[in-house]
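Subject: Structure for your review

Dear colleague,

Please find below the sequence and the structure that I am handing over to you. My findings follow directly after it.

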Amino acid sequence: MAVLSPVQSWVLTWAQDIEIARRPDLSTRYARAKGNLEHEDPAIAQEALRELSAVLDEAMKAVRE
């Protein structure tokens, strides 16, 4: 795997954010998960973290394809 420059890394992160914003399914999942990250129930907060990670992974996969 190649090492990314700071600019390349920023562009990749930016593209990931755009991918989430342009897809209503990912955008909804992202907002819901982000809203539950600090939930008082630790199980809900943990699930939100897993879901947020899954959304970010899916968006990054789409960007890299």
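In this predicted model, the contact between helices α2 and α3 is made by D25, L26, R29, Y30, A33 and N36 on the α2 side. Their partners in α3 are I44, A45, A48, E51, L52, A54, V55, L56, E58 and A59. Sorted by class, this contact comprises 11 nonpolar, 1 polar and 4 charged residues.

As to geometry, α2 covers residues 24-36 and α3 covers residues 42-64. The two helices pack at an angle of about 150°, and their axes are 8 Å apart. Because angles over 145 degrees count as roughly antiparallel, α2 and α3 are therefore described as roughly antiparallel to each other. Their crossing is left-handed.

S27 also belongs to α2. With a relative accessible area of 30%, S27 is partly exposed. Along the chain, S27 and V55 are 28 residues apart, while their C-alpha atoms are separated by 8.7 Å.

The loop between α2 and α3 contains H39. This residue has a relative accessibility of 33% and therefore counts as partly exposed, since that class lies between the limits of 20% for buried and 50% for exposed. A polar atom of the H39 side chain lies 2.9 Å from the backbone nitrogen of D41. If neighbours within four places in sequence are set aside, H39 is in contact with I44 and A45.

Helices α1 and α2 pack at an angle of about 105°, with a distance of 5 Å between their axes. The two are therefore roughly perpendicular to each other. In this contact, E19, I20 and R22 of α1 meet P24, L26, S27 and Y30 of α2. By class, there are 4 nonpolar, 1 polar and 2 charged residues.

Is E19 buried or exposed? E19, located in helix α1 (residues 6-22), has a relative accessible area of 9% and is buried, because buried means under 20%. The side chains of E19 and R22 are joined by a polar contact of 3.0 Å. Leaving aside neighbours within four places in sequence, E19 is in contact with L26, A59, A62 and V63.

Finally, some remarks on the chain as a whole. The protein chain has 3 helices and 0 strands, and its pattern along the sequence reads α-α-α. It consists of 65 residues, of which 20% count as buried. Its C-alpha atoms fill a box of roughly 40 × 25 × 15 Å along the principal axes. Among contacts with a separation of 6 or more, 59% are between residues 24 or more positions apart.

Yours sincerely

Technical notes. Residues are numbered from 1 along each chain as its sequence is written. This is a predicted model: local features need pLDDT of at least 70, side-chain atom pairs count only at pLDDT 80 or more; totals for chains, interfaces and linings use all residues. Side-chain values use heavy atoms; hydrogens and water are left out. Axes are lines fitted to C-alpha atoms, for helices over the stretch in contact, and angles run from 0 to 180 degrees between N-to-C directions. Helices (H or I, at least four residues) and strands (E, at least two) are DSSP runs, numbered from the N terminus. Angles under 35 degrees count as roughly parallel, over 145 as roughly antiparallel, 65 to 115 as roughly perpendicular and the rest as oblique. A crossing is left-handed if the near helix is turned anticlockwise from the far one by less than a right angle, and right-handed if clockwise. Contact means heavy atoms within 4.5 Å. Ala, Val, Leu, Ile, Met, Phe, Trp, Tyr, Cys and Pro count as nonpolar, Asp, Glu, Lys and Arg as charged, and the others, Gly among them, as polar. Buried means under 20% relative accessible area, exposed over 50%, partly exposed in between (1.4 Å probe, protein chains only). A polar contact is a pair of N or O atoms within 3.5 Å; within protein, one must be able to donate a hydrogen and the other to accept it, and residues adjacent in sequence count only if both atoms are side-chain atoms.
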